[in-house]
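Let's take a walk through this model, one piece of it at a time. Have the viewer open and follow along.

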There are 2 protein chains.
Amino acid sequence: MNQLHHIVILGGGFGGLYAAQTLCNAAVRVTLIDRRNFHLFQPLLYQVATGGLSPGDISTPLRHILKRKKNVRVVMGEALDIDVANQRVILHDGEISYDSLLVATGVSHSYFGNEQWEKYAPGLKTVEDAVEMRRRILMAFETAERVQDCRERCPWLNFVVVGGGPTGVELAGALSELAKDTMKEDFRQINPAKAEIILIEGADRVLPSYPADLSLAAHHSLERLGVRILTNTMVTAVDADSVTIRSQDRETQISAKTVLWAAGIQASPLGNILSEKTGACLDHIGRIAVEPDLSLPGHPELLVIGDLALFQHGTEQPLPGVAPVAMQQGRYAADSILCRLRGETAPPFRYKNRGSMAVIGRAAAVADLKRFHLTGFLAWLAWLFIHLIHIVEFENRVLVTIQWAWNYFTKNRGARLITGISQPAGKDVYQ
Amino acid sequence: MNQLHHIVILGGGFGGLYAAQTLCNAAVRVTLIDRRNFHLFQPLLYQVATGGLSPGDISTPLRHILKRKKNVRVVMGEALDIDVANQRVILHDGEISYDSLLVATGVSHSYFGNEQWEKYAPGLKTVEDAVEMRRRILMAFETAERVQDCRERCPWLNFVVVGGGPTGVELAGALSELAKDTMKEDFRQINPAKAEIILIEGADRVLPSYPADLSLAAHHSLERLGVRILTNTMVTAVDADSVTIRSQDRETQISAKTVLWAAGIQASPLGNILSEKTGACLDHIGRIAVEPDLSLPGHPELLVIGDLALFQHGTEQPLPGVAPVAMQQGRYAADSILCRLRGETAPPFRYKNRGSMAVIGRAAAVADLKRFHLTGFLAWLAWLFIHLIHIVEFENRVLVTIQWAWNYFTKNRGARLITGISQPAGKDVYQ
């Protein structure tokens, strides 16, 4: 057994998981290493942040997914370094040798060098991020209900979402539905429907990576939900009480207690480590440039996939950091390692783009399916269908379907818990 | 509107919530104050601790439950003191006057004066407690899988549950099923079925408050699940690596990294405050003795219900701290206030005991239904049915039913997430 080729996979996201599943019937040993014990269905994380789903609904234990793949071992641990010369991964509490290494550690959010904004404007990459966002959103309404003075109350009902990409659009839409539908009758002093949701985007339209007609459709859908959209607008400062924005060289301050960050990303630090050791290039957000076969230059045993990989071959733009790219690269990388073991050379990786979509609200979405564009309810149904069939595990899929269907009919969001602090309505919040 | 009688309810558990719902059609103003924004279905908390359910599945926002009860206002806040003379509740950030006050703030767990044990042996009263228990249980298996040395591994696979009441029995049973069924195929180095689960009880049998034949049935069911039961045994010390127990004047040390506390309870500090101000008696765990109509002596406007109330009229034993007592007292207290407002006197409170039950595993439970005792699968079905119809909200009920049914058929537990720390496999855990 120990003479078998040993493939180590770092990261149990879409890329790493699909690679592990592709390798499960081959005569190789596989070790999948992740900091967490579960695979997270990240595209639905904004639903946790807005109380529509529980973390458990969109997470599945990695061990459970891989339990019947007897050649795959799951290790819960964090890779701190990669010893490229000796083919070893350095963990926080040990090391693991590899014959081939697949790095799929993804990206986290970034504040463009303004890391001090993080405490005022949490991002959305982990389950903890989502629960913290949910806590802040719900606490803002609770506090507004308690505050007597009208001027003091106003900033608690202003919500700023920074970034008009898919995450920002989805967050703003869900937040608007939470305030205007779900919680409509919940309060006695405030009218939550009067909450102001402001979406800030630096480019000249929301969803800038989508075709222009779909951006326009998303814009209209958001406006129908009451979201105020500021395009061509940059954030220049964030503190506990406000966001400062600049548009056309004029600075304005928006008074808001709740700021949600959906703007920048930065690659996992392993990109930097690999770049130093192999000479591969990094882009401005730390993604590492890979060869057409996803390996690093001069290191056929080292492959990088998913959001961490900068793949720019045969296309003007690098491939986007979305789940379908990671899944296809995971499968490809697994196959290409097996090819190499047989002494063959795999053809270069080619992304088969089946389209992309973003959801705006209960019955509104935009879908770029290449041959045709969908908007509105039809796009939403397509979105629902595609996301649900891709959720890794059957059990979660059933539950999520039911919860979704239920939300759709009742406008309810069942997971509106404020958790994680022993005294939620503490003085620090009311001030 | 402001001339209406103002009833303040402290605590949104079973007692407080049922009182609020009973008052919703009366010509009174009601304010329900809770530290949390949700009602928790505490009897299923052990399912969260063992990964079978998500916190969102057993929690419902209080505002949502009461949204159509327009005379009820929900305030998220913590009552620090009660100014009995001036009929005011002192919150951490303000005060609220009342005409009648219903105190239903319940109990938390206690360590019999050994509060230093808490960090080694978490209890199970809040959602955060349950998530922390789940984290410790799952991390113990993860760590055991990583540890190479056999002697070092052993304490990670020993789980001690302190307390053989319903919570301890349910925890031990669920933990055993998690290890022996759910995770059977999950690991490569360890066999989780070899985990040792030890249940410690000070009395001479588990479920000491139940009839002896049901204790015996529970004992056998637990043994079939592989749980080791130590009765007539006291815990004398707990630290990071072991539990020291005393039985028949002999002390023994059990080497175990995971200790779960299901033993003592102590009443909310408001009991003490009310006792000082009204002269009402407290028992050894801080429950406050109430009059036959649940009021405090000399204070018809002050009622105490649920786990915090010590009700001992017409029975040898005080009423137990279980959900049905709290619900019936909540309804009674609401009615008796309305009676008093009409100038009438309510008949004394009488508990209608419909029985009690505890669940041991997937298809095993014991039920004391007064006229007859049930054990095994039939008791389990009865348990499932009664718990499900009592979960407050329809949405949760559907989801919980489905998840339960699914778990039953697949032996799966979907919510096995290790959350709440950024680096789960940290050195502090592996040591």
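In chain A, helix H1 (residues 14-22) and helix H9 (residues 323-341) have axes that come within 7 Å and cross at roughly 35°. Axes here are lines fitted to C-alpha atoms, for helices over the stretch in contact, with angles from 0 to 180 degrees between N-to-C directions. Helices (H or I, at least four residues) and strands (E, at least two) are DSSP runs numbered from the N terminus. The residues that meet include A:Phe14, A:Leu17 and A:Tyr18 from H1(A), and A:Ala326, A:Met327 and A:Gly330 from H9(A); contact means C-beta atoms, placed from the backbone, within 7 Å.

This is a predicted model: local features need pLDDT of at least 70, side-chain atom pairs count only at pLDDT 80 or more, and totals for chains, interfaces and linings use all residues. Residues are numbered from 1 along each chain as its sequence is written, while chains are lettered from A and ligands numbered from 1 in the order in which they are written.

Over in chain B, there's an open three-stranded sheet, ordered E23-E24-E25 with antiparallel pairing; strands pair if DSSP finds at least two bridges between them. Its edge strands are E23 (356-361) and E25 (373-375). E23(B) and E24(B), residues 364-368, are joined by five bridges, and B:Ser356 has B:Asp368 as its bridge partner.

Now find B:Leu230, in strand E13 (residues 227-230) of chain B. B:Leu230 counts as partly exposed because it has 17 C-beta neighbours inside 10 Å (20 or more would be buried, 12 or fewer exposed). Among the residues B:Leu230 touches are B:Ile198 and B:Ile245.

How values were computed:
Contact = placed C-beta atoms within 7 Å. Lists of a residue's contacts leave out its neighbours within four places in sequence.
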